[in-house]
Amino acid sequence: MTEFSIRPMGDADIATAAALYGRCFGEDWAVQSLRDLMRTPGCWGLIAYAPDPVGFLLARIVVGEGEILSIGVDPDRRREAFGKTLMEAAIVLSQQSADAMFLEVGTDNPAADALYRGLGFRQVGLRKDYYRRPGGRRADARILRLDLTKDL
Ligand SMILES: CC(C)(COP(=O)(O)OP(=O)(O)OC[C@H]1O[C@@H](n2cnc3c(N)ncnc32)[C@H](O)[C@@H]1OP(=O)(O)O)[C@@H](O)C(=O)NCCC(=O)NCCS
């Protein structure tokens, strides 16, 4: 069985998370910019190793509301439940200080949409043309919400 761990993202993990982000989304996230984000109040992250870095999750809690800012799993390690495990860990951690969790997902991202809906997230809004995709195409964002006050 593959050795697997999820850890809180510390300063030493920022460069690893930025590299994973690049592999997951096909665009760079400057290490310093990610470090600055992680230093803003309420921001936190998780990183998964199996045993190499396989996934990351960035989140925020502001006045009783949780938000998933980003999640990605290495393209070579998808469908091994790393994404679901990262999300479940984030949900449990957020339940300690938030009543609900929100996130945005592109209407052109069925994989992520299925992951979130399988965890109980439901659509509460739509942002038209929210994402700019390669080639100038735009995609709408669904706003999904999970009630954290119920047993999941
Ligand atoms: C979305 C993402 C994080 C999922 O990570 P993952 O580790 O592959 O997902 P899991 O193996 O935990 O899958 C959990 C469930 O999500 C759904 N799912 C995941 N990938 C899917 C796919 N390609 N197609 C359909 N459903 C999918 C399934 O319901 C799956 O359960 P199952 O494997 O029992 O069928 C990953 O595809 C990714 O990094 N995508 C690129 C970055 C991204 O889009 N991030 C989200 C932005 S909102």
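Where is V63 found? V63 sits in the loop between β3 and β4; strands here are DSSP runs of E with at least two residues, helices are runs of H or I with at least four residues, and both are numbered from the N terminus. Before going on, a word on what you're looking at: this is a predicted model, where local features need pLDDT of at least 70, side-chain atom pairs count only at pLDDT 80 or more, and totals for chains, interfaces and linings use all residues. Residues are numbered from 1 along each chain as its sequence is written, and side-chain values use heavy atoms, with hydrogens and water left out.

Back to the backbone. V63 has a positive phi, near 35 degrees, and is not a glycine. The peptide bond from A50 to P51 is cis, with omega near -15 degrees. P51 belongs to the loop between β2 (43–49) and β3 (53–62). Most residues other than glycine have a negative phi, and most peptide bonds are trans.

Now for the ligand. There are 20 residues around the ligand, and V73, R79, G83, K84 and N109 come nearest (a residue counts if one of its heavy atoms lies within 4 Å). Twelve of the shell residues are nonpolar, three are polar and five are charged (Ala, Val, Leu, Ile, Met, Phe, Trp, Tyr, Cys and Pro count as nonpolar, Asp, Glu, Lys and Arg as charged, and the others, Gly among them, as polar). α4 gives the most to this shell, with five residues.

Here are some polar contacts, meaning pairs of N or O atoms within 3.5 Å:

| Backbone of | Ligand atom | Distance |
|---|---|---|
| I71 | nitrogen | 2.8 Å |
| V73 | oxygen | 2.8 Å |
| G83 | oxygen | 2.8 Å |

Taken alone, the ligand exposes 920 Å², and the protein buries 71% of that (areas come from the Shrake-Rupley method with a 1.4 Å probe).

So where does the ligand sit? The ligand is in the largest pocket, as more than half of its atoms lie within 2 Å of the pocket's grid points. A pocket is an open set of points on a 1 Å grid over the protein atoms alone, with protein on both sides within 12 Å along at least five of seven lines, and lining residues have an atom within 4 Å of a point. The largest pocket holds about 1,400 Å³ of space. Its lining has 38 residues, and the closest to the centre are F25, I71, N109, A112 and Y116. β4 gives the most to that lining, with seven residues.

Terms used. Polar contact = N/O pair within 3.5 Å; in protein donor to acceptor, adjacent residues only side chain to side chain. 1 Å grid on protein atoms, 1.4 Å probe; cavity = no way out; pocket = protein on both sides within 12 Å on 5 of 7 lines; lining within 4 Å. Points joined across faces, edges and corners; volume = space filled by probe spheres on them.
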